[in-house]
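Dear colleague,

Please find the structure below, handed over for your records. The findings follow after it.

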Amino acid sequence: MRADSTGPRASTALDRDYAFGAAMVEHGPRLARLAFYLCGDRTRAEDLVAEAFAAAWPKWSAGRIDSLLPYLRRALVNLAAKERRHWLVVFRHDERAAPPPSAPGADEGLWFQLDLGRALTALPTPQRVAVVLRYLEDMPEAEIAALLGVAPGTVKSRLARALATLRTELQGSDNA
């Protein structure tokens, strides 16, 4: 063992390594759920979480991140928005397929979940992010505003518009 590998600096690095691993175990499933509601695909959500952790690791190990969970949330929001912009360009002219007609005896709860998922996906990214952070992550509006770097009033207006759109979309799907 080299003399310079012991002491406070080495234990700090080990503590940071352990804390990062613990954060992966503790926050990974919650972040995957957040990513799923941002992108709508379970496999891609897991990939986004892995990308967020991979991007955070160099900064975390260098001591440039004070609080890991908010950093990871923001990284997920950015990665999901980047991916969504990419796919909107790729599929700009494609029309979305209509939902299948409801079969007799079908599980209405399942159809509602599918309708909700489609409605969330159809929201503009800033509104979808606000809804997911507020109602899935149960974050207060002020914390969402700080995370996104916008005014609290902006978060409130995004939520109001998103909820109005969701209400219209979901009431419309009941009539179909």
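Leaving aside neighbours within four places in sequence, with which residues is Phe53 in contact? They are Phe20, Ala23, Met24, Gly28, Leu31 and Leu72, where contact means heavy atoms within 4.5 Å.

Some notes on reading the model come first. This is a predicted model, in which local features need a pLDDT of at least 70 and side-chain atom pairs count only at pLDDT 80 or more, while totals for chains, interfaces and linings use all residues. Residues are numbered from 1 along each chain as its sequence is written, and side-chain values use heavy atoms, with hydrogens and water left out.

Confidence

The pLDDT, which is the predictor's confidence in each residue from 0 to 100, averages 79 over the protein chain, and 74% of the residues score at least 70. Where pLDDT is low, the predicted coordinates should not be read in detail. Helices (H or I, at least four residues) and strands (E, at least two) are DSSP runs, numbered from the N terminus.

The 20 residues of α2 should span 28 Å at 1.5 Å a residue, and the end C-alpha atoms are 28 Å apart, which agrees; the expected span is 1.5 Å times one less than the number of residues. The buried residues of α2 are Ala45, Leu48, Val49, Ala52, Phe53, Ala56 and Trp60. Here buried means under 20% relative accessible area, exposed over 50%, and partly exposed in between (1.4 Å probe, protein chains only). Just after α2, Gly63 takes a positive phi of about 80°.

Phe53 lies in this helix and counts as buried at 6% relative accessibility. The C-alpha atoms of Phe53 and Leu68 are separated by 9.5 Å, although the two are 15 residues apart along the chain.

The whole structure holds 3 aromatic pairs. Rings of Phe, Tyr and Trp (its six-membered ring) pair if their centres lie within 6.5 Å; planes under 30 degrees apart count as stacked, over 60 as edge-to-face and the rest as tilted. Phe20 and Phe53 form an edge-to-face pair, 5.6 Å centre to centre with 90° between the planes. This pair links distant parts of the chain, with Phe20 in helix α1 (residues 8-39) and Phe53 in helix α2, 33 residues apart. Both Phe20 and Phe53 are buried. The ring centres of Phe36 and Tyr37 are 5.3 Å apart and their planes are at 75°, so that pair is edge-to-face. Phe20, Phe53 and Trp57 form one aromatic cluster.

Salt bridges

A salt bridge is a side-chain nitrogen of Lys or Arg within 4 Å of a carboxyl oxygen of Asp or Glu, and 7 are found in the whole structure. Within helix α2, Asp47 and Arg44 lie 3 residues apart, about one turn of the helix; their salt bridge has its closest N and O atoms 3.7 Å apart.

Glu137 forms a salt bridge with Arg73, the closest N and O atoms being 3.4 Å apart. Glu137 lies in the loop between α5 and α6 (141-148) and Arg73 in helix α3 (residues 68-90), so the pair ties together parts that are 64 residues apart in sequence. Glu137 and Arg73 are both buried. Arg73 also forms a salt bridge with Glu143, with the closest N and O atoms 3.8 Å apart. That pair links helix α3 to helix α6, 70 residues apart. At 37% relative accessibility, Glu143 counts as partly exposed. Arg30, Arg73, Glu137 and Glu143 are linked in a network of salt bridges.

An arginine without a salt bridge

Arg128, in helix α5 (residues 125-136), is buried yet has no salt bridge; the nearest side chain of opposite charge, Glu83, is 8.4 Å away. For charge, Lys and Arg count as positive and Asp and Glu as negative; His and the chain ends are not counted. Leaving aside neighbours within four places in sequence, Arg128 is in contact with Tyr37, Leu38, Arg84, Leu120, Thr121 and Leu123.

With kind regards
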